[in-house]
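Work through the exercises below with the sequence and the coordinates at hand. Each task is followed by a solution in steps.

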Amino acid sequence: MIRFEYKLRSALLIGLLTATAWTAHAQTTPQVEVSDLGNTNPQAADVSVSPNWHVYVFHRDGIKYVQINDQQDQVRAAFATRNGLYLVLPIGSDAQQVSTPQQPLAFNGAAALGETVYLDSSVKVVMAPQSGGVQWQVQAVVAPINTKSISIPQIQIQMQMQTATCKLQSCGGDFMAY
């Protein structure tokens, strides 16, 4: 009976110490804030490529948050992105008019009148006029292929490796995989 009480007390003490350590760790770990996201006049740099709109970018935990404001600094739309995924945030007067690759909206306007408002290495945002307002088209930016980085010896090595695993099927030069 004494051993059982000792084990129970030890387990309770270990549990209490663990809970106390986690609480102390949580209190000393600084909280990272996405400052001013959703505010009409955020304290962030305007990174818009258009003089007609304001775009603000915030980062937290590897996620990029993009907010679009109009000339009067009213929030129009916002979204979050990471690794090619996009999530429209319920922020701004045009929150229902944001088209993403994962959730495309039907387009009912003149594509030629679209205006790029934001562009970086992974995201492009186009403001597209619609009959009843605007639509924000969030698009993934695909990196261009740099053809200068491919050298002829690399191509020859790749072709030699490919032909080494094939056998000649006919005199016409057709190859067939083993």
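A residue is called buried under 20% relative accessible area, exposed over 50%, and partly exposed in between (1.4 Å probe, protein chains only). The model is predicted: local features need pLDDT of at least 70, side-chain atom pairs count only at pLDDT 80 or more, and totals for chains, interfaces and linings use all residues. Residues are numbered from 1 along each chain as its sequence is written, and side-chain values use heavy atoms, with hydrogens and water left out.

**Exercise 1. Confidence**

Task: State the average pLDDT of the protein and find stretches where pLDDT is under 50.

Solution. 
- Step 1. pLDDT is the predictor's confidence in each residue, from 0 to 100. The protein averages 74, and 59% of the residues score at least 70.
- Step 2. Residues 8-32 stay under 50, and the model gives them two contacts (heavy atoms within 4.5 Å) beyond four places in sequence.
- Step 3. Residues 174-178 are also below 50, with 14 contacts beyond near neighbours in sequence.
- Step 4. Where pLDDT is low, the predicted coordinates should not be read in detail.

**Exercise 2. Salt bridges**

Task: Count the salt bridges, then describe the surroundings of the residues involved.

Solution. 
- Step 1. The criterion is a side-chain nitrogen of Lys or Arg within 4 Å of a carboxyl oxygen of Asp or Glu. By this rule there are four salt bridges.
- Step 2. One of them joins Asp61 and Arg60, at 3.5 Å from N to O. Asp61 is exposed because its relative accessibility is 57%, and Arg60 is partly exposed because its value is 30%.
- Step 3. Asp120 and Lys64 form another, at 2.5 Å from N to O. This pair links distant parts of the chain, 56 residues apart: Asp120 is in the loop between β6 (115-119) and β7 (123-130), and Lys64 is in strand β2 (residues 63-69). Strands (E, at least two residues) and helices (H or I, at least four) are DSSP runs, numbered from the N terminus. Lys64 has a relative accessible area of 12%, so Lys64 is buried.
- Step 4. Asp94 and Arg76 have their closest N and O atoms 2.8 Å apart. Asp94 is in the loop between β4 (85-88) and β5 (98-99), and Arg76 is in strand β3 (residues 75-82), 18 residues apart. Asp94 counts as buried because its relative accessibility is 10%; Arg76, with a relative accessible area of 17%, is buried as well.
- Step 5. Asp70, Arg76 and Asp94 are linked in a network of salt bridges.

**Exercise 3. Strand β3 and its partners**

Task: Which strands pair with β3, and over how many bridges?

Solution. 
- Step 1. Two strands pair if DSSP finds at least two bridges between them. β2 and β3 are antiparallel over six bridges, with Ile68 bridged to Ala77 in β3.
- Step 2. β3 and β4 also run antiparallel, joined by four bridges; Ala80 has Leu87 as its bridge partner in β4.
- Step 3. The β2 and β3 hairpin has five residues between the strands, and Asp73 takes a positive phi near 60°. The β3 and β4 hairpin has two residues between the strands, and here Asn83 takes a positive phi near 50°.
- Step 4. Seven of the eight residues of β3 are buried. Thr81 is in this strand, and Thr81 is buried because its relative accessible area is 7%. The Thr81 side chain reaches the backbone oxygen of Leu85 at 3.0 Å.

Conventions. Polar contact = N/O pair within 3.5 Å; in protein donor to acceptor, adjacent residues only side chain to side chain.
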